[in-house]
Amino acid sequence: MSMNLVEKLVQRAIVRSGGTVSKVTAGDFVAVRPAHVLTHDNTAPVIQKFKTIGAQKVKDPKQPVFVLDHNVQDKSEKNLAKYKNIQDFASQHGIDFYPAGRGIGHQVMVEEGYAFPGSFVVGSDSHSNMYGGVGCLGTPVVRTDAAAIWATEQTWWQVPPVALVRLEGKLRPGVTGKDVIITLCGLFNSDQVLNHAVEFVGEGVKSLSVDERLTIANMTTEWGALAGVFPVDKTTVDWLRAREKRLNKRTDHPRLNAKTIDSLESDLPQSDEGAQYAKEMVLNLDRVQPHVSGPNHVKTMQSVRDIEAKEVKVNKAYLVSCVNSRAEDIKLAAEIIRGNKVAPGVEFYVAAASSEVQAETEASGDWQDLLDAGAISLPPGCGPCIGLGKGLLEDGEVGISATNRNFKGRMGSRNAEAYLASPAVVAASALKGYICAPRSDSGYEDTTPGHMVEVPVSDGKGQTLPPLVHGFPTGLQAPMVFCDEDNINTDGIYAGKYTYQDGMTPEEMGVVAMDNYDPDFNSFHSEGDILVAGFNFGTGSSREQAATALKYKGVPLVIAGSFSATYVRNAFNNGYLCLESPKFVSALRDMKTGEGKLTVRPEIDIDIDFRSWSLTANLNGKDQTFAIAPVGEAAQELVVAGGLEAWVKAQTAG
């Protein structure tokens, strides 16, 4: 039977209990053995979870990879002790470890061949999608998943629907991979790929470098996708050969060597003719022009030409992060800034994606060109992108950044504004002091560069409702609070400033939950209230605390029009229930229930019947019933058990 590339890569990773799996389709719950699992600074709490599960040894020490990258500027005794404990654990169990300063974990995973084309690799970080740039199915898992993988080698995954993105044409000079993904996010900004895997195909793919593919795959996360996979083609293989030549000057690399590359080239993974896709989109690369996202929203875009006319002043500029700090990016910025000076009043921060990238750009002179222009060097790592260390945005400031997220408050003050753009636009803006293009773009036409293609879809009729597992409730009645916003992200649910305070108890997490979304949330919410929100709830970072915090705030469950799949995974692993009811949310909006406020507490009680997977609420004086997307038995078992930790402990007992 025909399968697309994503389904084939999943099939390769399935843990087989006997025989072979002949077909993998969207919606299947499968047990998979990832080739590798990345953790970074969050390795410390993963170690705690690993011990809580009761595990004594890592089942396959070559499967985990530790890279310290998030809080590398913090030289406090506490953080250094944390880093040492992680290194000691790695040494004790024989796990590959990369210290602070080696680079951002995702870049290291690609450079060192852990994210190998044709494999299935996970990371306890939302930007694990980036591995798709080299034809590796990369997808995020959460801390509890990572601990379970250490103990058992495997995890669960629900195969997502796959959206096909056909790239046509070729990018014009001055247009980059970052412009491609910003355009995709802004053009198809109505959840078209939410909780999908994206597969890129078409003649336009051939013209994109590996660096550009990594950038695009990286930000499929912000687009709402669980993965973004490029084909394994000649460009990929040539890049691997060049890496192999560089790495094997002294010793034979265990993953990137002639044997592994020859084996890959002899059997390149590719989709079957006639493979099925849930959706299809077309983007004409030759019509893409430089764009920026924002302020403070990834899916709000405007052309650089339009925003340049407004002369939006910038206070800080950033060429940092896993999406756009590779050698190709730094070279592009250096070519624009060479021989010039950063504008007065602008701070321009640069950090390479890895120590190898920095060494390469130092050798080429590009790094020094940036420093000579007045750029401020930061160590290879996440830094300001995650709101840690030097150079954060302050009240009233505006930042232009080559990072992948510009959520309110993520890069500093909630009262600042952040825009996203390509390294070229960032460098040009740092020179001018306002957001601008690196060169005249008068040749660009204001034409829509892409469109959707009609694909037959199932009407869902005949769906069999899953039975309730033993111990799962039959119903729930409770009042509600309504947060009438789409794309409520994990930074809003649980602010980044708390994410790496590992000593916080779940109860303390609950106290601060939602205060970065709405500082007045607690004045509306009472313990026991159901939280109802808009669409794509829980988007953004994969931080597990965003689910833990709501659970311990006394919110029994969340109802939304739709959810980030990563957030749902976090929730179920916490034994916490998320329910989708888009028609209910739409009905509340039709009644203007939100009143234009971030949070309201309408006098509406919700009556949930899990046996029929429906809810009833009195709207406009009349009881109305709405369908709820059913929750499968596997997820129900996690809720009943109290979470994945308890479930794994029960499975491994005795």
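Pro295 sits in the loop between β12 (291–293) and β13 (301–303); helices (H or I, at least four residues) and strands (E, at least two) are DSSP runs, numbered from the N terminus. The peptide bond leading from Gly294 to Pro295 is cis, with omega near 10 degrees. This is a predicted model, where local features need pLDDT of at least 70, side-chain atom pairs count only at pLDDT 80 or more, and totals for chains, interfaces and linings use all residues. Residues are numbered from 1 along each chain as its sequence is written, and side-chain values use heavy atoms, with hydrogens and water left out.

Most residues other than glycine have a negative phi, and most peptide bonds are trans. Met514 is not a glycine, yet its phi is positive, at about 75 degrees. You'll find Met514 in the loop between α18 (506–512) and α19 (521–524). Asn620 also has a positive phi, near 55 degrees, and belongs to the loop between β25 (614–619) and β26 (622–627). Are these residues buried or exposed? Met514 is buried, with a relative accessible area of 0%, while Asn620 is exposed at 66%. Here buried means under 20% relative accessible area, exposed over 50%, and partly exposed in between (1.4 Å probe, protein chains only).

## Spaces inside

Searching the whole structure turns up four cavities of 30 Å³ or more. A cavity is a set of points, on a 1 Å grid over the protein atoms alone, where a 1.4 Å probe fits but cannot get out; lining residues have an atom within 4 Å of a point. Grid points are joined across faces, edges and corners, and a volume is the space filled by probe spheres set on the points.

The largest cavity holds about 270 Å³. It has 26 lining residues, and those closest to its centre are His40, His70, Asp125, Ile386 and Tyr500. Its lining splits into seven nonpolar, twelve polar and seven charged residues. Ala, Val, Leu, Ile, Met, Phe, Trp, Tyr, Cys and Pro count as nonpolar, Asp, Glu, Lys and Arg as charged, and the others, Gly among them, as polar. The second largest cavity comes to about 110 Å³. Of its 13 lining residues, Thr221, Ala225, Gly540, Ser564 and Thr566 are closest to the centre, and the whole lining has four nonpolar, nine polar and no charged residues.

## A sheet and an enclosed helix

Seven strands make an open sheet with mixed pairing, in the order β23-β22-β21-β20-β24-β25-β26. Its edge strands, β23 (577–580) and β26, each pair on one side only. Two strands pair if DSSP finds at least two bridges between them; β22 (residues 557–560) and β23 run parallel over four bridges. Val558 has Cys578 in β23 as its bridge partner.

Helix α7 (residues 210–218) has nine of its nine residues buried, so it is largely enclosed by the rest of the structure. Among them are Asp211, Glu212 and Arg213.

## Aromatic pairs

There are 17 aromatic pairs, counting rings of Phe, Tyr and Trp (its six-membered ring) whose centres lie within 6.5 Å; planes under 30 degrees apart are stacked, over 60 edge-to-face and the rest tilted. Phe584 and Phe626 have ring centres 5.4 Å apart and planes at 50 degrees, so they are tilted. Phe584 lies in helix α22 (residues 582–590) and Phe626 in strand β26, so this pair ties together parts 42 residues apart in sequence. Phe584 is buried at 0% relative accessibility, and Phe626 is buried at 10%.

Conventions:
On a 1 Å grid over the protein atoms alone, a cavity is a set of points where a 1.4 Å probe fits but cannot get out, and a pocket is an open set with protein on both sides within 12 Å along at least five of seven lines; lining residues have an atom within 4 Å of a point.
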